[in-house]
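Colleague: Please take a close look at a single part of this model and describe how that part packs against its surroundings.

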Amino acid sequence: MIQFKNVDLSFNGKKIINNLSFEIKQGEKVVFSGKSGSGKSSVFNLLLGFTDPDSGKIIFKEKHVDEKSVWDVRKDVAYIDQDVSLGDGKVAELFNFVSGLKANALLDFNERKFDELLTYFELEKDIPDKDTGDLSGGERQRLSIVIAILLKRDIFFLDEVTSSLDGHLKQKVVDYFVAEKEWTCLVNSHDSIWLDSPGVKIFDLEEGKWRP
Amino acid sequence: METIDLSVFSLGLTFLLLAVPVILSLVYGLGLIKSLFYSAARMTIQLVLIGIFLKYLFLWNNALINLSWLIVMICVAVFSAVKSSAVKISKIVIPCFFSFSIATFAVIMYLNIVVIPIDNIFDARYLIVLGGMLLGNSLRGNIVGISTFYKNIRNDTKKYLYVLSLGASRYEALLPYIRESINLALKPTLAAMATMGIVALPGMMTGVILGGADPEVAIKYQIMIMVAIVTSTIISVVLTILMTLPACFSRYGVLRQDVFINKNGYQNKRRKAK
(Lines give C-alpha, C1' and ligand atoms only; values in the text may rest on other atoms or scores of the structure.)
Protein backbone atom coordinates (compact mmCIF):
# COMPACT_ATOMS: atom_id res chain seq x y z
CA MET A 1 0.00 0.00 0.00
CA ILE A 2 2.81 2.43 0.91
CA GLN A 3 6.29 1.97 -0.47
CA PHE A 4 9.55 3.90 -0.30
CA LYS A 5 12.12 2.84 -2.88
CA ASN A 6 15.69 4.06 -2.37
CA VAL A 7 14.57 7.48 -1.21
CA ASP A 8 17.16 10.16 -0.45
CA LEU A 9 16.40 13.48 1.14
CA SER A 10 18.77 16.24 2.13
CA PHE A 11 18.24 19.75 3.32
CA ASN A 12 20.75 22.59 3.35
CA GLY A 13 23.42 20.10 2.35
CA LYS A 14 22.65 17.75 5.23
CA LYS A 15 21.48 14.24 4.47
CA ILE A 16 18.26 13.57 6.37
CA ILE A 17 17.17 10.32 4.70
CA ASN A 18 19.66 8.00 3.05
CA ASN A 19 18.56 5.33 0.59
CA LEU A 20 15.39 4.51 2.53
CA SER A 21 13.28 1.57 1.39
CA PHE A 22 10.32 -0.09 3.08
CA GLU A 23 6.85 -1.36 2.33
CA ILE A 24 3.74 -1.12 4.48
CA LYS A 25 0.70 -3.29 3.85
CA GLN A 26 -2.93 -2.45 4.54
CA GLY A 27 -3.92 -2.78 8.18
CA GLU A 28 -0.35 -2.66 9.49
CA LYS A 29 0.55 -0.46 12.42
CA VAL A 30 4.09 0.79 11.95
CA VAL A 31 6.09 2.86 14.41
CA PHE A 32 9.11 4.72 13.04
CA SER A 33 11.81 4.89 15.65
CA GLY A 34 14.96 6.93 15.67
CA LYS A 35 16.46 9.86 17.45
CA SER A 36 15.52 13.45 16.71
CA GLY A 37 16.65 14.45 13.20
CA SER A 38 16.58 10.90 11.86
CA GLY A 39 13.87 11.92 9.39
CA LYS A 40 10.75 10.61 11.12
CA SER A 41 8.58 13.62 10.28
CA SER A 42 10.18 13.82 6.82
CA VAL A 43 8.59 10.46 5.94
CA PHE A 44 5.15 12.06 6.38
CA ASN A 45 6.20 15.28 4.65
CA LEU A 46 7.36 13.24 1.66
CA LEU A 47 4.16 11.21 1.53
CA LEU A 48 2.01 14.35 1.76
CA GLY A 49 4.01 16.21 -0.88
CA PHE A 50 5.24 18.87 1.54
CA THR A 51 8.82 17.96 0.75
CA ASP A 52 10.50 16.70 -2.40
CA PRO A 53 12.91 13.72 -2.35
CA ASP A 54 16.32 14.12 -3.96
CA SER A 55 15.93 10.70 -5.54
CA GLY A 56 13.97 7.48 -5.21
CA LYS A 57 10.31 6.60 -5.55
CA ILE A 58 7.39 6.96 -3.18
CA ILE A 59 4.39 4.79 -3.97
CA PHE A 60 0.98 5.23 -2.39
CA LYS A 61 -1.80 2.79 -3.31
CA GLU A 62 0.09 1.63 -6.42
CA LYS A 63 0.61 5.18 -7.63
CA HIS A 64 3.78 7.22 -7.71
CA VAL A 65 3.33 10.27 -5.46
CA ASP A 66 3.63 13.26 -7.77
CA GLU A 67 2.02 16.66 -8.25
CA LYS A 68 -1.18 15.05 -9.57
CA SER A 69 -1.62 12.05 -7.28
CA VAL A 70 -0.63 13.90 -4.10
CA TRP A 71 -4.03 15.61 -3.99
CA ASP A 72 -5.66 12.15 -3.81
CA VAL A 73 -3.18 10.99 -1.16
CA ARG A 74 -4.29 13.90 1.03
CA LYS A 75 -7.92 12.84 0.62
CA ASP A 76 -7.09 9.28 1.60
CA VAL A 77 -5.11 9.88 4.77
CA ALA A 78 -5.70 11.56 8.09
CA TYR A 79 -2.59 13.36 9.27
CA ILE A 80 -2.06 14.57 12.80
CA ASP A 81 0.96 16.65 13.67
CA GLN A 82 2.39 16.72 17.20
CA ASP A 83 1.87 20.46 17.42
CA VAL A 84 -1.16 20.75 15.22
CA SER A 85 -2.15 24.32 14.46
CA LEU A 86 -5.90 24.67 14.64
CA GLY A 87 -5.98 28.42 13.91
CA ASP A 88 -8.19 30.93 15.70
CA GLY A 89 -11.88 30.88 16.54
CA LYS A 90 -14.25 28.41 18.12
CA VAL A 91 -13.80 24.67 17.83
CA ALA A 92 -17.26 24.50 16.19
CA GLU A 93 -16.02 26.85 13.45
CA LEU A 94 -13.06 24.55 12.88
CA PHE A 95 -15.47 21.60 12.46
CA ASN A 96 -17.54 23.62 10.00
CA PHE A 97 -14.43 24.49 8.04
CA VAL A 98 -13.23 20.89 7.87
CA SER A 99 -16.66 19.51 6.92
CA GLY A 100 -17.08 22.36 4.41
CA LEU A 101 -14.12 21.17 2.34
CA LYS A 102 -15.18 19.48 -0.89
CA ALA A 103 -13.10 16.41 -0.03
CA ASN A 104 -15.20 15.93 3.10
CA ALA A 105 -18.57 16.93 1.65
CA LEU A 106 -20.02 13.42 1.83
CA LEU A 107 -18.93 12.86 5.38
CA ASP A 108 -21.39 12.85 8.18
CA PHE A 109 -20.00 14.57 11.21
CA ASN A 110 -22.89 13.12 13.18
CA GLU A 111 -23.24 14.10 16.78
CA ARG A 112 -23.49 10.57 18.14
CA LYS A 113 -20.07 9.54 16.89
CA PHE A 114 -18.68 12.89 17.95
CA ASP A 115 -20.08 12.50 21.47
CA GLU A 116 -18.70 8.96 21.67
CA LEU A 117 -15.24 10.17 20.75
CA LEU A 118 -15.36 13.09 23.18
CA THR A 119 -16.29 10.68 25.96
CA TYR A 120 -13.63 8.14 24.99
CA PHE A 121 -10.83 10.71 24.73
CA GLU A 122 -12.07 12.46 27.88
CA LEU A 123 -12.78 15.81 26.30
CA GLU A 124 -15.49 18.09 27.69
CA LYS A 125 -18.84 18.10 25.94
CA ASP A 126 -18.83 21.87 25.55
CA ILE A 127 -15.54 21.85 23.64
CA PRO A 128 -17.21 23.11 20.41
CA ASP A 129 -17.97 26.38 22.22
CA LYS A 130 -14.37 26.88 23.30
CA ASP A 131 -11.76 28.95 21.50
CA THR A 132 -9.04 26.79 19.99
CA GLY A 133 -6.50 29.17 21.50
CA ASP A 134 -7.75 28.34 25.01
CA LEU A 135 -7.16 24.60 24.62
CA SER A 136 -4.21 22.97 26.34
CA GLY A 137 -1.63 21.04 24.31
CA GLY A 138 -3.21 17.74 25.37
CA GLU A 139 -6.71 18.92 24.45
CA ARG A 140 -5.49 20.10 21.06
CA GLN A 141 -3.89 16.73 20.39
CA ARG A 142 -7.01 14.81 21.38
CA LEU A 143 -9.24 17.17 19.39
CA SER A 144 -7.12 16.70 16.28
CA ILE A 145 -7.36 12.93 16.82
CA VAL A 146 -11.18 13.24 17.02
CA ILE A 147 -11.24 15.28 13.80
CA ALA A 148 -8.99 12.73 12.08
CA ILE A 149 -11.25 9.84 13.09
CA LEU A 150 -14.39 11.70 12.00
CA LEU A 151 -12.86 12.10 8.54
CA LYS A 152 -13.54 8.36 8.11
CA ARG A 153 -10.24 7.66 6.40
CA ASP A 154 -8.45 4.39 6.90
CA ILE A 155 -4.82 5.49 6.69
CA PHE A 156 -3.41 7.54 9.55
CA PHE A 157 -0.15 9.46 9.81
CA LEU A 158 0.34 10.08 13.51
CA ASP A 159 3.30 12.34 14.27
CA GLU A 160 4.03 12.31 18.03
CA VAL A 161 0.30 12.61 18.70
CA THR A 162 0.57 11.46 22.30
CA SER A 163 3.50 13.67 23.31
CA SER A 164 1.39 15.98 25.52
CA LEU A 165 -0.81 13.29 27.07
CA ASP A 166 -0.48 11.49 30.40
CA GLY A 167 0.13 7.73 30.52
CA HIS A 168 -3.54 6.84 30.90
CA LEU A 169 -4.60 8.89 27.86
CA LYS A 170 -1.62 7.73 25.80
CA GLN A 171 -2.76 4.14 26.37
CA LYS A 172 -6.33 4.97 25.34
CA VAL A 173 -5.12 6.56 22.08
CA VAL A 174 -2.86 3.60 21.27
CA ASP A 175 -5.63 1.10 22.11
CA TYR A 176 -8.12 2.93 19.89
CA PHE A 177 -5.91 2.85 16.80
CA VAL A 178 -4.53 -0.64 17.34
CA ALA A 179 -8.04 -2.06 17.81
CA GLU A 180 -9.13 -0.93 14.34
CA LYS A 181 -7.84 -3.83 12.25
CA GLU A 182 -8.62 -2.22 8.87
CA TRP A 183 -6.76 0.96 9.64
CA THR A 184 -3.20 1.42 8.43
CA CYS A 185 -1.27 3.54 10.89
CA LEU A 186 2.14 5.13 10.43
CA VAL A 187 3.34 6.43 13.77
CA ASN A 188 6.21 8.61 14.88
CA SER A 189 6.69 8.33 18.59
CA HIS A 190 9.22 7.99 21.34
CA ASP A 191 6.56 6.62 23.68
CA SER A 192 7.20 3.08 24.90
CA ILE A 193 3.43 2.56 24.93
CA TRP A 194 3.49 2.62 21.13
CA LEU A 195 6.74 0.67 20.84
CA ASP A 196 5.63 -2.06 23.27
CA SER A 197 2.13 -2.40 21.93
CA PRO A 198 1.36 -5.89 20.56
CA GLY A 199 0.79 -6.10 16.83
CA VAL A 200 2.91 -3.03 16.11
CA LYS A 201 5.86 -3.28 13.72
CA ILE A 202 8.87 -1.08 14.35
CA PHE A 203 10.99 0.40 11.61
CA ASP A 204 14.34 1.80 12.71
CA LEU A 205 15.01 4.86 10.58
CA GLU A 206 18.63 5.19 11.68
CA GLU A 207 19.38 1.61 10.64
CA GLY A 208 16.98 1.73 7.73
CA LYS A 209 15.48 -1.66 8.56
CA TRP A 210 12.72 -3.44 10.44
CA ARG A 211 13.35 -4.39 14.03
CA PRO A 212 13.06 -8.11 14.65
CA MET B 1 -13.49 82.14 -11.10
CA GLU B 2 -9.78 82.56 -11.78
CA THR B 3 -7.23 80.48 -9.91
CA ILE B 4 -4.59 82.56 -8.13
CA ASP B 5 -1.24 81.40 -9.46
CA LEU B 6 1.58 80.83 -6.98
CA SER B 7 4.78 82.72 -7.64
CA VAL B 8 8.10 80.97 -7.18
CA PHE B 9 8.65 83.17 -4.12
CA SER B 10 5.27 82.14 -2.63
CA LEU B 11 6.06 78.50 -3.26
CA GLY B 12 9.37 79.03 -1.52
CA LEU B 13 7.46 80.35 1.50
CA THR B 14 5.61 77.01 1.66
CA PHE B 15 8.88 75.33 2.48
CA LEU B 16 9.11 77.43 5.65
CA LEU B 17 6.43 75.09 7.01
CA LEU B 18 9.07 72.35 7.04
CA ALA B 19 10.68 74.18 9.94
CA VAL B 20 8.01 72.56 12.13
CA PRO B 21 8.96 68.91 11.41
CA VAL B 22 12.64 69.90 11.56
CA ILE B 23 12.21 71.38 15.06
CA LEU B 24 10.11 68.39 16.19
CA SER B 25 12.71 66.02 14.80
CA LEU B 26 15.43 67.84 16.75
CA VAL B 27 13.38 67.98 19.96
CA TYR B 28 12.38 64.32 19.91
CA GLY B 29 15.52 62.99 18.24
CA LEU B 30 13.49 61.50 15.37
CA GLY B 31 16.36 61.54 12.91
CA LEU B 32 13.96 62.60 10.16
CA ILE B 33 15.71 65.71 8.88
CA LYS B 34 17.83 64.04 6.21
CA SER B 35 14.97 61.99 4.77
CA LEU B 36 12.62 64.97 5.06
CA PHE B 37 14.86 67.17 2.90
CA TYR B 38 15.63 64.31 0.54
CA SER B 39 11.92 63.56 0.04
CA ALA B 40 10.99 67.23 -0.31
CA ALA B 41 13.76 67.81 -2.83
CA ARG B 42 12.85 64.69 -4.78
CA MET B 43 9.17 65.61 -4.82
CA THR B 44 9.91 69.14 -6.04
CA ILE B 45 12.24 68.02 -8.83
CA GLN B 46 9.88 65.23 -9.92
CA LEU B 47 6.84 67.51 -9.95
CA VAL B 48 8.63 70.30 -11.81
CA LEU B 49 9.80 67.86 -14.47
CA ILE B 50 6.43 66.16 -14.69
CA GLY B 51 4.74 69.59 -14.85
CA ILE B 52 6.80 70.46 -17.91
CA PHE B 53 6.20 67.01 -19.37
CA LEU B 54 2.43 67.12 -18.77
CA LYS B 55 2.23 70.57 -20.33
CA TYR B 56 3.54 69.12 -23.58
CA LEU B 57 1.59 65.91 -23.17
CA PHE B 58 -1.66 67.91 -22.99
CA LEU B 59 -0.52 70.14 -25.82
CA TRP B 60 0.26 67.26 -28.20
CA ASN B 61 -2.56 65.06 -26.90
CA ASN B 62 -1.38 62.16 -29.04
CA ALA B 63 -3.08 58.82 -28.29
CA LEU B 64 0.09 56.81 -28.72
CA ILE B 65 2.18 59.07 -26.49
CA ASN B 66 -0.60 59.17 -23.86
CA LEU B 67 -0.88 55.40 -23.81
CA SER B 68 2.88 55.00 -23.64
CA TRP B 69 3.01 57.37 -20.68
CA LEU B 70 0.24 55.44 -18.93
CA ILE B 71 2.27 52.24 -19.39
CA VAL B 72 5.31 53.97 -17.90
CA MET B 73 3.12 54.99 -14.92
CA ILE B 74 1.93 51.38 -14.58
CA CYS B 75 5.53 50.12 -14.61
CA VAL B 76 6.57 52.57 -11.89
CA ALA B 77 3.53 51.64 -9.76
CA VAL B 78 4.21 47.92 -10.23
CA PHE B 79 7.87 48.22 -9.24
CA SER B 80 6.98 50.29 -6.19
CA ALA B 81 4.35 47.77 -5.09
CA VAL B 82 6.58 44.74 -5.66
CA LYS B 83 9.62 46.37 -4.06
CA SER B 84 7.65 47.02 -0.88
CA SER B 85 6.55 43.40 -0.54
CA ALA B 86 8.61 40.62 1.02
CA VAL B 87 8.52 38.71 -2.26
CA LYS B 88 11.30 38.70 -4.87
CA ILE B 89 10.68 41.16 -7.70
CA SER B 90 11.57 38.64 -10.41
CA LYS B 91 8.88 36.21 -9.22
CA ILE B 92 5.89 38.54 -9.33
CA VAL B 93 6.69 41.58 -11.43
CA ILE B 94 5.14 40.27 -14.66
CA PRO B 95 1.85 39.05 -13.11
CA CYS B 96 1.64 42.39 -11.24
CA PHE B 97 2.14 44.31 -14.48
CA PHE B 98 -0.77 42.47 -16.06
CA SER B 99 -3.03 42.86 -13.02
CA PHE B 100 -2.37 46.61 -12.76
CA SER B 101 -2.81 47.08 -16.51
CA ILE B 102 -6.06 45.12 -16.72
CA ALA B 103 -7.58 46.87 -13.68
CA THR B 104 -6.54 50.37 -14.78
CA PHE B 105 -7.47 50.07 -18.46
CA ALA B 106 -10.79 48.33 -17.77
CA VAL B 107 -11.97 51.00 -15.34
CA ILE B 108 -10.66 53.99 -17.35
CA MET B 109 -12.25 52.70 -20.53
CA TYR B 110 -15.57 52.24 -18.71
CA LEU B 111 -15.39 55.82 -17.43
CA ASN B 112 -14.25 57.31 -20.75
CA ILE B 113 -16.64 55.35 -22.97
CA VAL B 114 -19.73 54.81 -20.82
CA VAL B 115 -19.77 57.24 -17.89
CA ILE B 116 -18.38 60.57 -19.08
CA PRO B 117 -18.33 59.79 -22.22
CA ILE B 118 -15.63 61.51 -24.33
CA ASP B 119 -14.90 61.42 -28.06
CA ASN B 120 -11.20 60.79 -27.70
CA ILE B 121 -10.96 58.00 -25.13
CA PHE B 122 -7.19 58.44 -25.04
CA ASP B 123 -7.43 62.16 -24.19
CA ALA B 124 -4.50 63.01 -21.92
CA ARG B 125 -6.63 65.00 -19.48
CA TYR B 126 -8.68 61.90 -18.70
CA LEU B 127 -6.37 59.00 -19.45
CA ILE B 128 -3.36 60.33 -17.56
CA VAL B 129 -5.13 62.08 -14.70
CA LEU B 130 -7.59 59.26 -14.00
CA GLY B 131 -4.86 56.66 -14.53
CA GLY B 132 -2.67 58.38 -11.97
CA MET B 133 -5.40 58.39 -9.35
CA LEU B 134 -6.35 54.76 -9.94
CA LEU B 135 -2.73 53.59 -9.99
CA GLY B 136 -1.82 55.48 -6.82
CA ASN B 137 -4.57 53.70 -4.94
CA SER B 138 -3.94 50.32 -6.57
CA LEU B 139 -0.33 50.71 -5.52
CA ARG B 140 -1.24 51.25 -1.87
CA GLY B 141 -3.78 48.42 -1.95
CA ASN B 142 -1.34 46.00 -3.55
CA ILE B 143 1.47 46.78 -1.13
CA VAL B 144 -0.85 45.74 1.69
CA GLY B 145 -2.45 42.89 -0.26
CA ILE B 146 0.70 41.15 -1.50
CA SER B 147 2.56 41.52 1.79
CA THR B 148 -0.36 40.35 3.91
CA PHE B 149 -1.08 37.37 1.70
CA TYR B 150 2.42 35.93 1.46
CA LYS B 151 3.55 36.83 4.98
CA ASN B 152 0.43 35.33 6.54
CA ILE B 153 0.86 32.03 4.73
CA ARG B 154 4.55 31.95 5.61
CA ASN B 155 3.82 32.62 9.28
CA ASP B 156 0.95 30.14 9.21
CA THR B 157 2.73 27.31 7.39
CA LYS B 158 1.77 24.61 9.88
CA LYS B 159 -1.90 25.45 9.70
CA TYR B 160 -1.82 25.86 5.93
CA LEU B 161 -0.19 22.44 5.48
CA TYR B 162 -2.63 20.91 7.97
CA VAL B 163 -5.53 22.21 5.86
CA LEU B 164 -3.92 20.75 2.73
CA SER B 165 -3.53 17.43 4.55
CA LEU B 166 -7.25 17.44 5.30
CA GLY B 167 -7.86 17.12 1.58
CA ALA B 168 -8.39 20.79 0.76
CA SER B 169 -7.83 21.95 -2.78
CA ARG B 170 -5.27 24.67 -3.26
CA TYR B 171 -8.06 27.22 -3.65
CA GLU B 172 -9.82 26.05 -0.47
CA ALA B 173 -6.60 26.24 1.52
CA LEU B 174 -5.77 29.70 0.17
CA LEU B 175 -9.23 31.25 0.40
CA PRO B 176 -8.99 32.49 4.03
CA TYR B 177 -5.69 34.22 3.20
CA ILE B 178 -7.09 35.72 -0.01
CA ARG B 179 -10.09 37.08 1.91
CA GLU B 180 -7.98 38.65 4.63
CA SER B 181 -5.57 40.25 2.16
CA ILE B 182 -8.33 41.79 0.06
CA ASN B 183 -10.10 43.10 3.16
CA LEU B 184 -6.95 44.71 4.53
CA ALA B 185 -5.99 46.10 1.13
CA LEU B 186 -9.37 47.77 0.70
CA LYS B 187 -9.77 49.05 4.25
CA PRO B 188 -7.97 52.41 3.79
CA THR B 189 -9.85 53.14 0.56
CA LEU B 190 -13.22 52.23 2.10
CA ALA B 191 -12.47 54.31 5.20
CA ALA B 192 -11.48 57.26 3.02
CA MET B 193 -14.66 56.79 1.00
CA ALA B 194 -16.87 56.76 4.10
CA THR B 195 -15.42 59.98 5.49
CA MET B 196 -15.15 61.76 2.17
CA GLY B 197 -16.23 65.39 2.23
CA ILE B 198 -16.57 65.42 6.02
CA VAL B 199 -13.07 64.68 7.17
CA ALA B 200 -11.26 65.71 4.03
CA LEU B 201 -11.77 67.29 0.68
CA PRO B 202 -9.90 64.89 -1.54
CA GLY B 203 -7.16 65.81 -3.94
CA MET B 204 -9.14 65.65 -7.13
CA MET B 205 -11.99 67.76 -5.76
CA THR B 206 -9.62 70.35 -4.32
CA GLY B 207 -7.77 70.48 -7.60
CA VAL B 208 -10.91 70.89 -9.66
CA ILE B 209 -12.33 73.59 -7.34
CA LEU B 210 -9.04 75.48 -7.22
CA GLY B 211 -8.92 75.09 -10.96
CA GLY B 212 -12.07 77.19 -11.16
CA ALA B 213 -14.76 74.56 -11.65
CA ASP B 214 -18.15 74.56 -10.00
CA PRO B 215 -18.05 72.57 -6.70
CA GLU B 216 -21.12 70.67 -7.92
CA VAL B 217 -19.16 69.40 -10.93
CA ALA B 218 -16.19 68.64 -8.68
CA ILE B 219 -18.36 66.57 -6.36
CA LYS B 220 -19.78 64.54 -9.24
CA TYR B 221 -16.28 63.80 -10.51
CA GLN B 222 -15.18 62.93 -6.99
CA ILE B 223 -17.98 60.39 -6.58
CA MET B 224 -17.05 58.90 -9.94
CA ILE B 225 -13.37 58.65 -9.08
CA MET B 226 -13.94 57.13 -5.64
CA VAL B 227 -16.12 54.36 -7.07
CA ALA B 228 -13.54 53.81 -9.79
CA ILE B 229 -10.71 53.66 -7.24
CA VAL B 230 -12.44 51.00 -5.13
CA THR B 231 -13.20 48.96 -8.24
CA SER B 232 -9.75 49.16 -9.78
CA THR B 233 -8.07 48.50 -6.42
CA ILE B 234 -10.05 45.33 -5.76
CA ILE B 235 -9.60 44.10 -9.35
CA SER B 236 -5.85 44.66 -9.22
CA VAL B 237 -5.41 43.09 -5.76
CA VAL B 238 -7.45 39.99 -6.67
CA LEU B 239 -5.69 39.61 -10.02
CA THR B 240 -2.26 40.15 -8.46
CA ILE B 241 -2.83 37.43 -5.89
CA LEU B 242 -4.32 34.98 -8.39
CA MET B 243 -1.74 35.66 -11.09
CA THR B 244 1.26 35.37 -8.75
CA LEU B 245 0.16 31.97 -7.38
CA PRO B 246 1.76 29.81 -10.12
CA ALA B 247 5.17 31.44 -9.56
CA CYS B 248 5.02 31.34 -5.77
CA PHE B 249 3.45 27.92 -5.10
CA SER B 250 4.58 24.51 -6.20
CA ARG B 251 2.22 22.23 -8.09
CA TYR B 252 1.91 20.35 -4.81
CA GLY B 253 0.28 23.48 -3.36
CA VAL B 254 3.24 24.33 -1.12
CA LEU B 255 4.52 27.89 -0.83
CA ARG B 256 8.02 28.11 -2.31
CA GLN B 257 10.46 29.51 0.23
CA ASP B 258 12.77 30.87 -2.45
CA VAL B 259 10.20 33.52 -3.39
CA PHE B 260 10.98 35.54 -0.28
CA ILE B 261 13.69 38.16 -0.10
CA ASN B 262 14.42 37.28 3.52
CA LYS B 263 15.36 33.63 3.54
CA ASN B 264 15.58 33.27 7.28
CA GLY B 265 11.91 32.37 7.71
CA TYR B 266 10.87 29.54 10.00
CA GLN B 267 9.76 27.29 7.20
CA ASN B 268 13.13 27.49 5.48
CA LYS B 269 14.65 25.65 8.35
CA ARG B 270 11.92 23.09 8.57
CA ARG B 271 10.68 22.37 5.12
CA LYS B 272 11.84 22.35 1.60
CA ALA B 273 9.06 23.27 -0.80
CA LYS B 274 8.80 21.45 -4.04
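Predicted model: local features only at pLDDT ≥ 70, side-chain atom pairs only at ≥ 80, totals over all residues.

Modeller: Contact here means heavy atoms within 4.5 Å. The domain assignment of chain B gives domain 1 as 1–60 and domain 2 as 62–270. By the contact rule, eight residues of domain 1 of chain B touch twelve residues of domain 2 of chain B. The C-alpha centres of these two domains of chain B are 27 Å apart.

The area buried between domain 1 of chain B and domain 2 of chain B comes to about 790 Å², with carbon and sulfur atoms giving 75% of that area. On the side of domain 1 of chain B that touches domain 2 of chain B there are seven nonpolar residues, one polar residue and no charged ones.

Chain B gives 25 residues to the contact and chain A gives 37 residues. Between them, chain B and chain A bury about 2,600 Å², and 59% of this is on carbon and sulfur atoms. Two salt bridges are found by the rule across the interface of chain B and chain A. In a salt bridge, the side chain of B:Arg251 meets the side chain of A:Glu67 at 3.0 Å, N to O. Seven residue pairs, both at pLDDT 80 or more, are in polar contact across the interface of chain B and chain A.

On the side of chain B that touches chain A, the elements giving two or more residues are α7 (157–165), α8 (170–194) and α11 (266–270) of chain B. Of the elements on that side, α7(B) gives the most, with seven residues. By class, the side of chain B that touches chain A holds ten nonpolar, five polar and ten charged residues.

B:Gly132 lies in helix α6 of chain B, which covers residues 124–155. From B:Gly132 to B:Gly197 the separation is 65 residues in sequence and 21 Å in space, C-alpha to C-alpha.

Key:
Residues numbered from 1 in each chain as written. Chains lettered and ligands numbered in written order. Heavy atoms only, no water. Buried area = accessible area lost by both parts, 1.4 Å probe. Salt bridge = Lys/Arg side-chain N within 4 Å of Asp/Glu carboxyl O. Polar contact = N/O pair within 3.5 Å; in protein donor to acceptor, adjacent residues only side chain to side chain. Helix = DSSP H or I, 4+ residues; strand = E, 2+ residues; numbered from the N terminus. Nonpolar A, V, L, I, M, F, W, Y, C, P; charged D, E, K, R; others polar. Domains from an automatic or database assignment.
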